[in-house]
Amino acid sequence: MTKLPAALALLLSVFFCGAGHAAAALKDGDIVFHTSRSAQSVAVQRATGSRYSHMGIVLMRGGKPYVFEAVSTVRYTPLAQWTARGNGGHYVVKRLRDADRLLTPGAVATLRARTADFEGRPYDLTFEWSDQRIYCSELVWKLYQRALGVRIGELQKIREFNLTDPAVRAKMRERYGDKVPMDEPVISPVAMFESPLLRTVETR
């Protein structure tokens, strides 16, 4: 067998080890954020002051990462397909700071089981706090709260967001008319993104 030059062997080692590391970086329960290219993304960004307007939770299926998310319906989406929908393919992965302690195999199994509470539900265009329809950050927040008792991010009321921006006002008028439920509880992507319970593990 031909022996590789030391420099080439080192280069290949770094490449393949790095690739393996990247593939193994995601874990069950990780939370992913990106900038959606949907029609409401700009309004969400301006209302919340956040770069990121969409999010989901990673759960492995057949050894491959999927994102459990709320889009037109609540569903599992292959990670590659999910990231391709984001602006520029950019995304951020966050993880519980106490993941090693909290995300035991039993806890992950409970997270998976609770997805059945939401899978197939329609997307919530008016951001209500009921379970009849679900939006992206609400889905992840409720999964963690109900499965593990962990509240990632603080709830706010609609009135607390920036509702004066023209893009936000137009979207609010489209969704609510003149009857905006100002006191409806809402969890925003940025409230979860900035939660001290999470740490960033990867940015792509």
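I looked up Arg 175 and found that Arg 175 is buried, with a relative accessible area of 19%. Buried here means under 20% relative accessible area, exposed over 50% and partly exposed in between, with a 1.4 Å probe and protein chains only. Glu 174 is exposed at 56%. The two form a salt bridge, their closest N and O atoms being 3.6 Å apart; the term requires a side-chain nitrogen of Lys or Arg within 4 Å of a carboxyl oxygen of Asp or Glu.

I note that this is a predicted model, in which local features need pLDDT of at least 70, side-chain atom pairs count only at pLDDT 80 or more, and totals for chains, interfaces and linings use all residues. Residues are numbered from 1 along each chain as its sequence is written, and side-chain values use heavy atoms, with hydrogens and water left out.

I then asked how many salt bridges the structure holds. The count is 15. Asp 30 pairs with Arg 95, the closest N and O atoms being 2.7 Å apart. Asp 30 lies in the loop between α1 (6-24) and β1 (31-34) and Arg 95 in strand β5 (residues 92-96), so the pair ties together parts 65 residues apart in sequence. Helices (H or I, at least four residues) and strands (E, at least two) are DSSP runs, numbered from the N terminus. Asp 30 is buried at 0%, and Arg 95 counts as buried at 8%.

I checked Arg 159 next: its salt bridge is with Asp 183, at 2.9 Å between the closest N and O atoms. Arg 159 sits in the loop between β6 (156-157) and α7, and Asp 183 in the loop between α7 and β7 (185-186), 24 residues apart. Arg 159 is partly exposed at 47%, as is Asp 183 at 45%. I also recorded a salt-bridge network that links Asp 131, Glu 138, Lys 142 and Arg 146.

Turning to helix α5 (residues 105-114), I found Ala 107, Val 108 and Leu 111 buried. Seen down the axis of α5, its buried residues fall within an arc of 100°, so they line one face of the helix; the arc is that of the directions from the helix axis to the C-beta atoms. These residues pack against β2 (54-61), α4 (99-102) and α6 (136-148), contact meaning heavy atoms within 4.5 Å.
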